[in-house]
Amino acid sequence: MGFPSNGTASDTSKPLKFLIYGRTGWIGGLLGKLCESQGIDYSYGSGRLENRVSLEADIINVKPSHVFNAAGVTGRPNVDWCESHKVETIRTNVVGTLTLADVCREKGLILFNYATGCIFEYDTNHPFGSGIGFKEEDTPNFIGSFYSKTKAMVEELLKNYENVCTLRVRMPISSDLSNPRNFITKITRYEKVVNIPNSMTILDELLPISIEMAKRNLTGIWNFTNPGVVSHNEILEMYRDYVDPNFAWKNFTLEEQAKVIVAPRSNNELDATKLSKEFPEMLPIKESLIKYVFKPNQKTAAV
């Protein structure tokens, strides 16, 4: 049942108007472009997430039907930044997100929160390569990085907010191969990469699904990844076959990787059954990569 069901702001009979936080971010920017292409009225929030009064002012000014949070601290150039900027990370990822959820609840609005699935790691019950993924109701088991630790804390607290839709994004990928936030772009630029199967999110396919979720007033936790897993090497092989036939890369082990990063990284498979049941047209990860990312960027002869 969507929140709220008493004919207040998120009632489906009202015209859509989205209030989006994260204008300067990757997902926030893409969301605005999607709204434009679909003819959906939207505004970017000008308030700071941790400043309650500024969020209340945004809602009064914009009068949204739904709120989207794509703001947050992931760290630049990567999550290692959060290890040395813990208070800043808490301010946005914890205090800010909870404040926005609370303000939205008070105003009778659903909050669509682009969260992370990097709060799990393969374990004995979900072994590497088994096809057994973590489900929405599973308790996070990865707190190796401070970033992941804050995200797991917030997810647990947000379970109590019936107006929140938590979307667990993982290793996001888009067709824009020039974007440094794109997982493919990152790994093509690394000197060496590990080779581990992971669940991932193809934004070109899944961001439109999140807009549809808003139209359906869906709430609760959702593994927001394409079904199945794909490894670093499988992606780089596709990159070589479709984009750059001369591309070459080197692998290294998790132990070798640990020597050049500050915080450990999450590797996992998320079970996408819940999202697939709601959106049966969603493609498995490798098919989605080819359709939405590699075919549009193809520079080689037909593969």
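How many bridges join strand S1 to strand S2? Let's start there and tour a predicted model, in which local features need pLDDT of at least 70, side-chain atom pairs count only at pLDDT 80 or more, and totals for chains, interfaces and linings use all residues. Residues are numbered from 1 along each chain as its sequence is written, and side-chain values use heavy atoms, leaving out hydrogens and water.

**View 1. Strands S1 and S2 pair in parallel.** The answer is 4 bridges, linking S1 (residues 17–21) with S2 (residues 41–44); pairing requires at least two DSSP bridges. Look for Ile 20, whose bridge partner in S2 is Tyr 44. Strands here are DSSP E runs of at least two residues and helices are H or I runs of at least four, numbered from the N terminus.

**View 2. An open sheet is formed by 6 strands.** Their order is S2-S1-S3-S4-S5-S6, with parallel pairing. S2 and S6 (220–223) are the edge strands, each pairing on one side only. Further in, S4 (residues 111–116) and S5 (residues 164–169) share 6 bridges, and Leu 111 has Val 164 as its bridge partner in S5.

**View 3. Helices H4 and H5 pack together.** H4 (residues 86–106) and H5 (residues 146–158) make an angle of about 15°, with axes 10 Å apart; axes are lines fitted to C-alpha atoms, for helices over the stretch in contact, and angles run from 0 to 180 degrees between N-to-C directions. That makes H4 roughly parallel to H5 (angles under 35 degrees). Among the residues meeting here are Ile 90 and Val 94 of H4 and Tyr 147 and Val 154 of H5, where contact means heavy atoms within 4.5 Å.

Notes. Angles under 35 degrees count as roughly parallel, over 145 as roughly antiparallel, 65 to 115 as roughly perpendicular and the rest as oblique.
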